[in-house]
Amino acid sequence: MSRLRFAKDQQKALIKDFLSNNNLSTASAANLLGVGLTTIKYWFNERCTLPHEIFSTMCNITSKLKIYENDIKEKLSNNW
């Protein structure tokens with residue numbers, strides 16, 4: 001699974017849009033995506049890159065998030 005590096009502040013915007021468009025708390029989003037709450041917080045604060053699989057899942061749930069594809073600066077391997 002590859003990881004995505006977004007333009008500055010765009011990963012945060014993506015997470016924020018995902019939460020608001022689906023009326024989710026960070027805890028319920030973590031549950032929906034099958035990750036821990038801390039992981040969502042790290043993604044939101046851009047401490048960790050977002051896995052491509054998670055981005056795809058988010059786009060399948062909320063199709064208008066596909067616009068963030070334009071903000072992907074780099075695709076990294078899992079062991080970058």
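Trainee: What should I know about the model before we start?

Mentor: It's a predicted model, where local features need pLDDT of at least 70 and side-chain atom pairs count only at pLDDT 80 or more, while totals for chains, interfaces and linings use all residues. Residues are numbered from 1 along each chain as its sequence is written, and side-chain values use heavy atoms, with hydrogens and water left out.

Trainee: OK, how many helices and strands are there?

Mentor: The chain has four helices and three strands. Helices (H or I, at least four residues) and strands (E, at least two) are DSSP runs, numbered from the N terminus. Along the sequence the pattern reads β-α-α-α-β-α-β.

Trainee: How much of the chain is buried?

Mentor: Buried residues make up 31% of the 80. Buried means under 20% relative accessible area, exposed over 50%, and partly exposed in between (1.4 Å probe, protein chains only).

Trainee: Which residues touch the most others in the largest nonpolar core?

Mentor: Leu14, Leu50, Phe55 and Met58, out of 18 residues in that core. A nonpolar core here is a set of buried Ala, Val, Leu, Ile, Met, Phe, Trp, Tyr and Cys residues joined through side-chain atoms within 4.5 Å. Strand E1 (3-6), helix H1 (10-21), H2, H3 and helix H4 (52-61) each supply at least two residues of the core.

Trainee: What does Leu14 touch, then?

Mentor: Not counting residues up to four places away in sequence, Leu14 touches Phe6, Leu50, Phe55, Met58, Leu65 and Tyr68. Contact means heavy atoms within 4.5 Å.

Trainee: Switching topic: how do H2 and H3 pack?

Mentor: Helix H2 (residues 26-33) and helix H3 (residues 37-44) pack at about 105°, with axes 8 Å apart. They're therefore roughly perpendicular to each other, the label for angles of 65 to 115 degrees, with under 35 roughly parallel, over 145 roughly antiparallel and the rest oblique. The axes are lines fitted to C-alpha atoms, for helices over the stretch in contact, and angles run from 0 to 180 degrees between N-to-C directions.

Trainee: Who makes that contact?

Mentor: Thr26, Ala27, Ala29, Ala30 and Leu33 of H2 meet Leu37, Ile40 and Trp43 of H3.

Trainee: Last one: where does Ser2 sit?

Mentor: Ser2 is in the segment before E1 and counts as partly exposed, at 26% relative accessibility. The C-alpha atoms of Ser2 and Asn78 are 5.3 Å apart, although 76 residues separate them along the chain. Leaving aside neighbours within four places in sequence, Ser2 is in contact with Leu50, Pro51, His52 and Leu76.
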